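Me: I have a model open and would like to walk through it with you. Can we take the sheets, then the pockets, then the ligand?

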Amino acid sequence: MRKTNKKNFKKTLSKFTTGVTVIFAEKNGQVHGKTVNSFNSLSLNPPLILFSLGNYSSSINTFLNSKYLTVNILSQNQKKFSDHFSQKNPDTKKIKFLKGIHNTFFLPNCIGYLECKLIDKIKKGDHIIFICEVLRVKSNDKLKPLNYYNSNYIK
Ligand SMILES: Cc1cc2nc3c(=O)[nH]c(=O)nc-3n(C[C@H](O)[C@H](O)[C@H](O)COP(=O)(O)O)c2cc1C
């Protein structure tokens with residue numbers, strides 16, 4: 001084994017296959033989305049999830065100040081959304097969002113959805129861990145997931 005440096009740390013982490021989510025926060029009626037694969041389940045009772053965002057992210061203040069967040073679990077055919085929401089300040093005008101009950105937004109045709117209340121934020125290293133209580137969920141058994149491995153999308 002080698003001593004950890006940034007390059008071999010990132011490379012080793014990339015061998016862990018994940019799904020891909022787009023997580024939305026809301027500020028003054030405007031939706032802010034980020035592509036996130038650090039999403040994970042945390043607790044079944046109560047239902048909790050977590051994810052982490054870089055403290056350098058252009059959207060970090062919107063996420064920190066959001067009361068509600070939504071998780072969109074992407075399906076195989078939604079790579080375009082992953083690419084789009086990993087850009088800085090992605091344009092959202094052309095996207096036909098679905099609306100949740102807490103002035104929240106969702107992407108159409110995802111494999112899974114979670115409408116969440118932000119309950120805790122923990123600063124660690126150069127990221128912030130967001131912990132959310134899950135209020136409402138929906139999933140689609142007919143779609144297949146988009147997966148991410150070795151810094152690439154896999155089907
Ligand atoms: C598949 C994928 C997964 C990502 N997962 C995360 C993540 O879990 N946390 C994070 O901070 N950034 C993640 N990113 C990077 C962000 O989407 C975004 O590119 C980054 O925050 C820089 O943009 P910003 O400064 O506008 O936030 C991911 C990008 C991709 C393509």
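Reply: What follows is a talk through the strands, the pockets, the ligand and a few backbone details.

Me: What kind of model is this, and how are residues numbered?

Reply: This is a predicted model, in which local features need pLDDT of at least 70, side-chain atom pairs count only at pLDDT 80 or more, and totals for chains, interfaces and linings use all residues. Residues are numbered from 1 along each chain as its sequence is written, and side-chain values use heavy atoms, with hydrogens and water left out.

Me: ok, in what order do the seven strands of the open sheet come?

Reply: The order is β3-β2-β6-β9-β10-β5-β4, with antiparallel pairing. Strands here are DSSP runs of E with at least two residues, and helices are runs of H or I with at least four, both numbered from the N terminus; two strands pair if DSSP finds at least two bridges between them.

Me: And why is one side of β3 and of β4 left without a neighbour in the sheet?

Reply: β3 (30-36) and β4 (40-43) stand at the edges and each has a single partner strand, so one side of each has no neighbour in the sheet. Neighbouring strands of this sheet are turned against each other by 35° on average, direction ignored, where the axes are lines fitted to C-alpha atoms (for helices over the stretch in contact) and angles run from 0 to 180 degrees between N-to-C directions.

Me: How many bridges do β9 and β10 pair over?

Reply: β9 and β10 pair over 12 bridges in the antiparallel sense, and the bridge partner of I122 is I129 in β10. The two strands form a hairpin with two residues between them, and G125 in the turn has a positive phi of about 55°.

Me: What about the other pairs in there?

Reply: On β10, strand β5 (residues 48-54) pairs with residues 127-139 over seven antiparallel bridges, and F51 stands opposite F130. Strand β6 (residues 68-73) is joined to β9 (residues 112-124) by six bridges, also antiparallel, with C116 of β9 as the bridge partner of L69. Strand β2 (residues 21-27) and β3 pair over seven antiparallel bridges, G33 in β3 being the bridge partner of F24; in their hairpin, which has two residues between the strands, N28 takes a positive phi near 50°.

Me: Which strands make up the open sheet of three?

Reply: That sheet has the order β1-β11-β12 and antiparallel pairing, and its edge strands, β1 (18-19) and β12 (152-154), each pair on one side only. Three bridges join β11 to β12, and N147 stands opposite I154 in β12.

Me: Switching to pockets: what volume does the largest one have?

Reply: The largest pocket has a volume of about 1200 Å³. A pocket is found on a 1 Å grid over the protein atoms alone, as an open set of points where a 1.4 Å probe fits, with protein on both sides within 12 Å along at least five of seven lines, and lining residues have an atom within 4 Å of a point. The volume is the space filled by probe spheres set on the points, which are joined across faces, edges and corners.

Me: What lines that one?

Reply: It is lined by 31 residues, of which K10, N37, S38, Y56 and H127 lie nearest its centre. Two or more lining residues come from each of α1 (6-13), β3, β5 and β11 (147-149), and α1 gives the largest share, four residues. The lining divides into 11 nonpolar, 15 polar and five charged residues, where Ala, Val, Leu, Ile, Met, Phe, Trp, Tyr, Cys and Pro count as nonpolar, Asp, Glu, Lys and Arg as charged, and the others, Gly among them, as polar.

Me: Which residues come nearest the ligand?

Reply: Of the 17 residues around the ligand, S38, S57, S58, S86 and K88 come nearest, where a residue counts as near if one of its heavy atoms lies within 4 Å of the molecule.

Me: Last one: which residues does the cis peptide bond join?

Reply: The cis peptide bond joins N45 and P46, with omega about 5°, and P46 has its place in the loop between β4 and β5.
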